[in-house]
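Trainee: I would like a close look at one part of this model, the ligand site. Please take it in one pass.

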Amino acid sequence: MKRVAILISGGGSNMVKLVESMTGDHPARACLVASNDPEAGGLKKAAEMGIATAAVDHRLFKGDREAFEAALREHIDASQPDILCLAGFMRILTPSFIEAYQGRMLNIHPSLLPKYKGLNTHQRALDAGDTEAGCTVHEVTPALDDGPILGQARVPIEAEDTAETLAARVLVQEHRLYPEALRRFAAGERSKFEL
Ligand code: GRF
């Protein structure tokens, strides 16, 4: 059975879907939910689901990324995860942190990568006049939002869409895509898929 640590920064809706999916014949179980914000709503949800939680407030480190990451790694390594899932984790990680978990760290991004790396993905798709948007689960590498793609889901853009309405429909697909991508990854399946 693979052990999965999940990193969040906010409400944790993707984290909840991941934890809920890891039951029955799923090849993995959650072992930790950690956040860079002690007030992250997702920590309470994880605790209510019986998952160990940890918080390391990045603000206390006054921009010293290495020191923040060292403190975060103590909690992560103590939980002995086989896989790390970034789920709405909004801190940019240093190459040394990423190299420590390379090949076993996943991220969900709200665009059809390689399009729209970074932030404000939905507004950028609307501004470009795109006809579809979507989300991507990829392996994390030192280059931001650039690692090998594991899975994608497409969402048609409607004429009256705003960034908010589009984000809401993409999030529904994120909640389907990430659990499927994790199940395949934990089972050793690396071929790219589309929902
Ligand atoms: C999701 O849209 C995710 O793609 C992005 O941040 C949002 C987090 O949502 N990186 P939640 O915290 O999982 O609800």
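Trainee: How far from an oxygen atom of the ligand does a backbone N or O atom of glycine 12 lie?

Mentor: This is a predicted model, in which local features need pLDDT of at least 70 and side-chain atom pairs count only at pLDDT 80 or more, while totals for chains, interfaces and linings use all residues. Residues are numbered from 1 along each chain as its sequence is written, and side-chain values use heavy atoms, with hydrogens and water left out. The distance for glycine 12 is 3.0 Å, from a backbone N or O atom to a ligand oxygen. Serine 13 places a polar side-chain atom 2.5 Å from an oxygen atom of the ligand, and glutamate 174 does so at 2.8 Å; a polar contact here is a pair of N or O atoms within 3.5 Å. On its own the ligand has 370 Å² of accessible area (Shrake-Rupley method, 1.4 Å probe), and the protein covers 77% of that.

The shell around the ligand (residues with a heavy atom within 4 Å of it) consists of Gly11, Gly12, Ser13, Asn14, Gly88, Ile108, Pro110, Leu171 and Glu174. By class, three of these are nonpolar, five polar and one charged, with Gly counted among the polar residues. Two helices, α1 (13-21) and α6 (163-186), each supply at least two shell residues; helices are DSSP runs of H or I with at least four residues. Because domain 1 (1-101) and domain 2 (107-195) both give residues to the shell, the ligand lies between them. Those domain bounds come from an automatic or database assignment.

Notes:
Polar contact = N/O pair within 3.5 Å; in protein donor to acceptor, adjacent residues only side chain to side chain.
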